Amino acid sequence: MDRYKIATILLVLAAAPAAAQPERTSSIAGRVVDATTGVPLRRAAVTISMDDRSDVRGMSPTGDDGEFLLRALPPGRFRIQAAKPGYATMCYGASQPDKAGQVVELAPSESKSGLVIGLVPLGAISGSARSADGSAMMRGLVQAYRYDSAREKPAWVAVGRADLDNRGRFRLFGLRPGRYIVRVTPSTLPEFPDSREPGPKVAPAYYPSSVSEADAVALDLGPGAEITGADVSLQPVVPAWISVLVQLPPGIEPAPAGTPASQPKPAPIFTVWITPADSSDGDPTQTFVADSRQWTKSNPLVPGRYVVTGLGIVEGKRYAARQEVNVTGGISQLSLPFRAGVDLKGRVHFVGSPPVDATKMSLMVISAELGSLRVSAGSISPEGLFRLIDVPPGRWSIFSDSIPRNGHYRSMTMGSKDVRRGMLITPETREDLDIVITAGPAPLVGQVEQGVATVVLAAPQGSLAGIQQFYATAPVDKAGHFEFLGLEPVGYKLYAFEELAPQAWLDPWFLKEYESVSVHVQVTEDALPQFKLKAIPRTSPERKGR
């Protein structure tokens, strides 16, 4: 190949990347405002990124009028975010902070304007911590817990922390609007001194003076508000310990003490979790390893009722334990019996038409107490028969992500018990699971007559409230029509939103703000009348302050 041809090829290759770059002639303009007052916010940082690329980014600060301009953008799909000290970071089109917003699409040489991002002002909670005699607790950790969603159910979730000053005072700031509880942990412990002395010690406490989460008094924090006087009184209690000895399953022999790990049969290792029985999120207070040759003592605990669970694998098979225990102070010895998992048989029944191919369904159970353990049913027969192999004792939830679009659970039972909200498996469990799915159409149709909406949310009430898998959404067409297929035959509240961030309803207080514009519906398997809804705009005057 001569030099002329080589030079020509190199010139073409060098030009190819430049030709592939999209022309940057598009722009996006808008403004950032206070979500509660509508006042423009100056010096807010507005950032933009391509929806499918992390290397194309831009930033523009807002001016005195709160306006921003993002220029020299290539065509594509973008997400926009605004941030300012004292406010919660918000994505454009999101209904609440830290949720995904809307995608903005730009064509070549297109300019879009009029975008509005409302930032929610953050609040604070301040108070003091004192011992039972009224003296200031000068060292300690203060934590704020917001009522939110954890593991698909409402729970108190830790969101902020502060230290006590030398006068026992604290201030928790940067808090989003919502419902909170406050917990103070003396730093001299951190929980209790690791001592066998049974004398009274100061325990962590919730506002105003409870050692139990269930007895804490909640505080409702509005946008940009500050709650003062959240004074916590810490009470002396007798610390408690749980000492665990693993009780091996029948037929499983422990390895002799001192057996080297290199030998074929080392001592089995069992993980133990201790969780307060009144914990809303189910998260364990402590996790440690125990065995069958000696007692293993927990760290100090506040007296109360606890759930002690354990899991271990011996020769490829799972063994688990679960026991509730009430501790009042001192050391409580617990011989924890580990047992093999059970095999659960069951059947999925389909009622109605069109027919459903059960072999294409998936079914699993998810542990509520043994970490993130899941057991899958594997294949389901054409007749709907399934088997869950080796399910350890404990609390479990049943889950399927492949229920037909127009289907719903008519019932979910184990023996005579309704297990839609979960089931307790023991070594003695022998009942079969029976799941009935109505596969025929059960439509709920309606019309958004006031305002403009893009999505309607159906929120279950009663016994299914708070269970994520029973919430449903339906799109709204240009004429305002919407339709749900396969809702559970229970009560629902319908909400029509101009926009709704993905899974925004997982915040249990989010929907409470729109109660006045919801419509209650009792779904049955019979035909329902058409329902009429009022749209909820992005900043709704119907919203109630917390």
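Predicted model: local features only at pLDDT ≥ 70, side-chain atom pairs only at ≥ 80, totals over all residues.

Visitor: What's the phi of D390 near?
Guide: Phi of D390 is near 60 degrees, a positive value in a residue other than glycine. D390 sits in strand β31, residues 385-391.

Visitor: And where does S109 lie, the one with a positive phi?
Guide: S109 is in the loop between β7 (104-106) and β8 (111-119). Its phi is about 60 degrees, and S109 is not a glycine either.

Visitor: While we're on the backbone, is the peptide bond from Y207 to P208 cis or trans?
Guide: That bond is cis, with omega near 0 degrees. P208 belongs to the loop between β15 (205-206) and β16 (219-221).

Visitor: Switching to packing: how many residues are in the largest nonpolar core?
Guide: The largest nonpolar core has 53 residues, and M423, L444 and F484 have the most contacts inside it. There's also a second, separate core of 25 residues, with A240, L248, Y306 and V327 among its members.

Visitor: What does L444 touch, leaving out residues up to four places away in sequence?
Guide: With those left out, the partners of L444 include F482, F484, L487, V521, V523 and F531. E483 is on the list too.

Visitor: You mentioned M423. What stands opposite M423 in β35?
Guide: W396 does. Strand β32 (residues 394-399) and β35 run antiparallel and are joined by three bridges.

Visitor: In what order do the four strands of that open sheet come?
Guide: The order is β30-β29-β32-β35, with antiparallel pairing. The edge strands are β30 (374-376) and β35 (423-425), each pairing on one side only. Ignoring direction, neighbouring strands of this sheet are turned by 35 degrees against each other on average.

Visitor: Which strand pairs with β36 in the parallel sense?
Guide: That's β28, residues 342-351, over six bridges. V348 stands opposite I435 in β36.

Visitor: Why is β36 largely enclosed by the rest of the structure?
Guide: Five of the six residues of β36 (433-438) are buried, so the strand is largely enclosed.

Visitor: Last one: what does the side chain of K493 make a polar contact with?
Guide: With the side chain of E515, at 2.7 Å. K493 is in strand β41, residues 491-497. Beyond four places away in sequence, K493 also touches residues including L457, Q461, S518 and H520.

Key:
Residues numbered from 1 in each chain as written. Heavy atoms only, no water. Core = buried A, V, L, I, M, F, W, Y, C linked by side-chain atoms within 4.5 Å. Buried < 20%, exposed > 50% of the residue type's maximum accessible area, 1.4 Å probe, protein only. Contact = heavy atoms within 4.5 Å. Pairing = 2+ DSSP bridges. Helix = DSSP H or I, 4+ residues; strand = E, 2+ residues; numbered from the N terminus. Axes fitted to C-alpha atoms, helices over the stretch in contact; angles between N-to-C directions. Polar contact = N/O pair within 3.5 Å; in protein donor to acceptor, adjacent residues only side chain to side chain.
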